[in-house]
Amino acid sequence: MNDLFAPLFEFFYYTVPFSDDLYAEGLYASLGLCNVLISLFFAVLFYYIINRPAFSKWYHWLIILLINFGVAFTLGIVLPQTKFVALGIEYHSEYYIFGLMNALIASSFYFIISFMIRWWSTNAKRTPFPH
Amino acid sequence: MAKLYVFGIGGTGARVIKSLAMLLASGVKSNFTEIVPIIIDPDKSGGDLNRTINALNDYQSIHNEIGDFEKNNFFKTKITTLSEVISEGNGNPNVIDGFRYEIEGVQSDTFEDFIGYGSLDKSNKYLANLLFSDENLSSNLDVGFKGNPNIGSVVLNQFSKSDAFGAFASNFKNEDSIFIVSSIFGGTGASGFPLILKNIREGKIFTGNEKQGKTHQFLKDAIIGAITIQPYFKVTNNKKSKIDSQGFITKTKAALHYYSRNVTGNKSLNSMYYIGDFDTKEYTNVEGGRDQKNDAHFVELAAALSIIDFSNSYSSLKTVNGKATNQITFKEFGIDNTTQDIQFTDLSQSTNSIIRSRLSEYFYFNLFLKVKLRNELKHPYATAYTSKIDTNFIELNPFYLTLSRFNKEFRIWLGELYRNEVHFKPFNIEVITNEKTKEVEDISVTDSSIFSIVNGVSEKKSIWEYTPFPKKNYELYISQLNKAAEEVGNSTLSKRFMGTFSLATKSIVNQKLY
């Protein structure tokens with residue numbers, strides 16, 4: 001799993017030794033999986049649970065995307081930070097840049113999942129834009 | 001392919017047929033595959049008559065496009081003109097394509113000219129003077145018979161000699177039936193009903209100078225139902241008008257006496273319906289023409305239901321050699337609660353089972369199209385399919401324009417039923433009237449909760465109302481439209497449109513009301 005997600009994360013952000021430590025601690029796997037699950041949750045929430053005509057405009061979809069972004073950003077900072085602080089490794093700005101990249105990756109997941117599942121939504125099958 | 005020929009005689013006949021069209025549009029079912037309205041009214045410029053004919057023409061155009069689409073429940077019963085029935089058979093170029101039939105000689109003649117009074121010998125002139133007053137003789141026939149059945153019975157006898165009646169008789173099939181709608185207290189209906197019935201039962205058609213005539217056995221043995229409408233309104237006193245409502249009851253009594261011997265008494269009819277009401281409403285006294293435009297009345301709606309009732313029961317009736325062999329059925333219309341403001345809850349269960357859901361569905365469909373459609377065109381039901389419901393469709397598509405026109409007529413009809421006396425108030429609406437003419441122009445709904453506007457019926461709450469994301473009012477409607485559109489799938493635009501709205505409306509009415 002770690003090997004699966006590492007190229008994706010490192011394509012966006014690679015800095016030594018922060019990225020090597022993330023890989024060594026298996027954080028790419030847990031963050032990648034979290035991103036997929038969070039994005040899936042928010043997409044399902046938007047397309048199937050909320051699934052309302054009054055909440056099916058592109059900007060409603062964007063609101064959910066931004067929440068997804070925020071959650072992934074927080075997770076991208078908190079998870080590595082908790083781990084590295086426990087191990088006594090010290091980083092500063094790397095957490096924030098990585099958090100941002102993690103949020104962007106989660107947003108792409110949300111985007112892809114949206115287009116995969118929206119066909120079966122009754123009220124938002126054409127959100128965020130027509131096919 | 002059994003057809004029901006509905007003869008609407010006079011202004012009341014035309015208004016009942018209009019109510020029938022409204023019921024059929026809303027999805028009320030008839031057991032006949034086709035209904036052929038034949039309106040006989042010499043007053044060709046009559047306001048009510050023209051409104052009926054326009055509504056029938058629009059109904060026909062709409063049905064022809066979407067009537068056979070199985071996912072749509074509106075406009076299901078085919079309405080055909082006599083001319084169309086004839087063209088399926090041998091054809092007759094002399095029969096005009098329309099719902100109203102002319103009686104030769106009434107267009108510009110006085111009654112005097114019509115009977116050739118001037119050329120009568122002395123003794124026949126005396127006889128004519130005995131039967132008809134000077135006023136009768138000088139009456140213009142192009143605005144009807146102004147409450148004079150003695151004139152009507154002479155003039156309307158011509159209809160049986162017309163090309164239209166001949167073509168009707170020739171094309172009448174074994175499985176077809178007839179229903180006659182007439183008022184008993186006026187001129188045209190009171191005189192036309194027994195005459196048409198007599199001519200049908202004779203089953204003979206005389207063409208040209210034939211003396212024997214041709215017998216049409218199917219016509220002679222037809223199953224025939226009829227409704228005779230007793231007084232349900234009166235007219236204002238007007239010295240210039242020859243119509244006087246003080247004579248309505250006397251005329252009714254005389255006609256009923258006549259019918260008891262010559263209509264039901266001689267077993268000419270298989271099924272007879274009666275209806276009437278306290279004549280609380282006073283209409284402006286207009287002899288005929290464009291200005292004879294009365295509000296739709298609940299009695300007319302109930303009379304239209306007799307046609308539906310007949311269509312459900314005609315198969316148990318039988319005629320042999322021009323005489324009904326079944327026990328003649330006599331039926332009257334009643335409601336559960338006597339009130340001046342009739343709601344669905346005041347109607348009997350059997351009436352409600354026919355009209356309550358159907359009228360509610362068409363009302364909501366109509367309301368959505370009027371109030372919401374234009375602003376709600378970005379949802380999947382409108383945009384996610386090959387045929388798109390867009391502004392082009394609602395502004396330029398001939399089908400939609402015809403539907404809009406019919407829908408407006410439906411709303412006016414509801415508004416008129418609402419403000420007439422008795423008031424038929426199934427929905428909590430406001431009637432919009434023209435300031436000058438005082439005619440009903442439209443209706444509006446002010447209640448923000450659209451499922452609270454059926455009077456006497458509470459909105460049903462489901463468990464979904466208590467979830468964090470409940471859908472209410474029009475949003476629920478749109479959601480059902482999106483769902484229904486998935487069920488309907490791709491089809492021609494008009495079929496997809498009607499199928500989607502029909503399924504969605506049925507679903508919300510079931511879910512929220514009944």
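Me: What do the angles between helix axes run from and to, and which angles count as roughly perpendicular?
Reply: Angles run from 0 to 180 degrees between N-to-C directions, and those from 65 to 115 degrees count as roughly perpendicular; the model discussed here is a predicted one.

Me: Why is helix α13(B) called roughly perpendicular to helix α17(B)?
Reply: The axes of α13 (residues 349-371) of chain B and α17 (residues 473-488) of chain B come within 12 Å and cross at roughly 105°, and because this angle falls in the range of 65 to 115 degrees, α13(B) is roughly perpendicular to α17(B).

Me: Which residues make the contact of α13(B) with α17(B), and how do they divide by class?
Reply: Tyr364(B), Phe365(B), Leu367(B), Phe368(B) and Val371(B) of α13(B) meet Tyr474(B), Tyr477(B), Ile478(B) and Leu481(B) of α17(B), and by class these are nine nonpolar, no polar and no charged residues.

Me: What makes α1(B) roughly parallel to α2(B)?
Reply: The axes of α1 (residues 10-25) of chain B and α2 (residues 47-66) of chain B come within 9 Å and cross at roughly 25°; since angles under 35 degrees count as roughly parallel, α1(B) is therefore roughly parallel to α2(B). The contact has 10 nonpolar, one polar and four charged residues.

Me: How do you know that strand β1(B) is mostly covered?
Reply: Buried means under 20% relative accessible area, and seven of the seven residues of β1 (residues 3-9) of chain B are buried. Lys3(B), Tyr5(B), Phe7(B) and Ile9(B) point one way, while Leu4(B), Val6(B) and Gly8(B) point the other way.

Me: How do you know that β1(B) pairs with β2(B)?
Reply: Pairing needs at least two bridges, and seven bridges join β1(B) to β2 (residues 34-40) of chain B, the two running parallel.

Conventions:
Residues numbered from 1 in each chain as written. Chains lettered and ligands numbered in written order. Predicted model: local features only at pLDDT ≥ 70, side-chain atom pairs only at ≥ 80, totals over all residues. Heavy atoms only, no water. Helix = DSSP H or I, 4+ residues; strand = E, 2+ residues; numbered from the N terminus. Parallel < 35°, antiparallel > 145°, perpendicular 65-115°, else oblique. Nonpolar A, V, L, I, M, F, W, Y, C, P; charged D, E, K, R; others polar. Buried < 20%, exposed > 50% of the residue type's maximum accessible area, 1.4 Å probe, protein only. Contact = heavy atoms within 4.5 Å.
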